[in-house]
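Notebook open, model loaded. I want to go through the charged pairs, the sheet, the rings and a pocket.

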Amino acid sequence: MNNENMPLLFPDDDGEADIIDIALKTVREHFDMEVAYLSEFVDDRAVFRAVSAPGLEDLIAPGGTRDISDIYCQHILEGRLPNVMPDTLDEPLAAALPITHTAPIRSHVSVPVYREDGSVYGMFCCLSPRPNDTLNERDLSVMKTFSGLAQREIHSSLAKRGKREAVESSIDAIIEGNGLQIVLQPIFKVGSDTPCGFEALSRFKSDPYRPPNEWFDDARLVNRQIELEVAAIRKAVEILPSLPGHIYVAVNSSPATIASGAIWEVMQNTPVTRVVLEVTEHENAEGFDNFNAELKKISDLGIRIAIDDVGAGYSGLSHILRTLPQIIKLDMELVRNIDQDPARRSLTRALVHFKTGISCEIVAEGVETRDELECLVELGVDMVQGYYLGKPSDIASARSWFEAHAMAS
């Protein structure tokens, strides 16, 4: 990974970014200078991680870089230039550097910033195109005080950057290698002993083992959620040719991935009538621009839409009315112990009645006992899925359902 392009802070680290920005602004105003910045040394370049330079954004901005040999930093670190220069033209080495005249730089104060291991992270600098004869060694103490504030935040941010890089590296390995596998859990029409479809579920190879939700949560933290979901969906639809032609596969997608347009692209060369897209409602779909438009495009291809986790989270009736899915999936929390709970039965009965008005089917997932199954059948659900009926398994086990049925026939 190229650290030159890595941001200083995580997107949710606004507090840390504010402290560094405040420190830069305060020290710049204290010295009455035009520019203050925090740089990081990456290979042979100085990368500007935070900048306070109002009106001079074309000269210096966060993310910009300069070759270390072109600027003062290395010379200051190695003692060839002082930390405080009231007038750079009084220093022959500084006066000889082109940047002194092209920027221009006439006064300059800087101190190194260190990582926790003692190595140099970069520089905390102030500069001006005007000489400043008032600068002295006492001002160096001021710079060290403010750079210390920034340094504490940098230590925190570097730790988070290390975690981010580790997460991204593991996700790269999963996607590029063979670490992502698809298992299939059977879905049955009520009264049938062979599946009508399978839900494709992601499993990840890791040591120690980590459940799938943790992988997707990590991917979300480093803005790789869409990429990981799309990789799982691609693997799932590749299974279709291995299953009988009347069998569908249900794939899961978050609203963010649907809104991105990536699902529509994946499905261009897929037997779409055999695909069900389950919208996993762990986040509010209405919070994403283009969600409804992209969902309609996917539906227009011939893919059936299912709303997952109904009865939990954001999967309310208003969203169902806006989406008009072909399938409603009852959340397993609603299904669990439904045979013993009048409230669960009442809500399920209402949903069964409601689904007739929008011409959709209901799948009850998480069925774990015979009593739950018999209760759901009595209530009028259309399809069922759960450990009592069949656990997630590989493609070979999925095919065996139909081979066994054929032999029995």
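Predicted model: local features only at pLDDT ≥ 70, side-chain atom pairs only at ≥ 80, totals over all residues.

**Salt bridges**

I started in helix H14 (residues 370–379), where Glu-374 and Arg-370 both sit, four residues apart, about one turn of the helix. Helices (H or I, at least four residues) and strands (E, at least two) are DSSP runs, numbered from the N terminus. Residues are numbered from 1 along each chain as its sequence is written, and side-chain values use heavy atoms, with hydrogens and water left out.

Glu-374 and Arg-370 form a salt bridge, with the closest N and O atoms 3.0 Å apart. My criterion is a side-chain nitrogen of Lys or Arg within 4 Å of a carboxyl oxygen of Asp or Glu. Glu-374 is partly exposed at 41% relative accessible area; the scale is buried under 20%, exposed over 50%, partly exposed in between (1.4 Å probe, protein chains only).

How many salt bridges does the structure hold? I get 24. I looked up Arg-80 with Glu-78, a salt bridge at 2.5 Å, N to O. Arg-80 is partly exposed at 41%, and Glu-78 is partly exposed too, at 45%.

Next came Arg-164 and Glu-168, which meet in a salt bridge at 3.3 Å, N to O. Both lie in helix H5 (residues 137–176), four residues apart. Are they buried or exposed? Arg-164 is buried at 10%, and Glu-168 is buried at 11%. They also belong to a salt-bridge network with Asp-172, Arg-224 and Glu-227.

**Sheet**

I traced six strands in an open sheet, ordered E3-E2-E1-E6-E5-E4, with antiparallel pairing. Two strands pair if DSSP finds at least two bridges between them. E3 and strand E4 (84–85) are the edges, each with a single partner strand, so one side of each has no neighbour in the sheet. E1 and strand E6 (residues 120–128) are joined by four bridges and run antiparallel. Tyr-37 stands opposite Cys-125 in E6.

**Rings**

The search of the whole structure gave three aromatic pairs. Rings of Phe, Tyr and Trp (its six-membered ring) pair if their centres lie within 6.5 Å; planes under 30 degrees apart are stacked, over 60 edge-to-face, the rest tilted. Tyr-37 and Phe-48 have ring centres 5.0 Å apart and planes at 75 degrees, so I logged them as edge-to-face. Tyr-37 is in strand E1 and Phe-48 in strand E2 (residues 45–52), eleven residues apart. Tyr-37 is buried at 6%, and Phe-48 is buried at 8%.

Phe-204 and Phe-216 are also edge-to-face, with centres 5.6 Å apart and planes at 75 degrees. Phe-204 lies in strand E8 (residues 197–204) and Phe-216 in helix H6 (residues 212–221).

Last, the second largest pocket: about 240 Å³ of space. Of its 15 lining residues, the closest to the centre are Phe-48, Ile-60, Arg-66, Ile-99 and Leu-127. For the record, on a 1 Å grid over the protein atoms alone, a pocket is an open set of points where a 1.4 Å probe fits, with protein on both sides within 12 Å along at least five of seven lines; lining residues have an atom within 4 Å of a point.

Note on methods:
Points joined across faces, edges and corners; volume = space filled by probe spheres on them.
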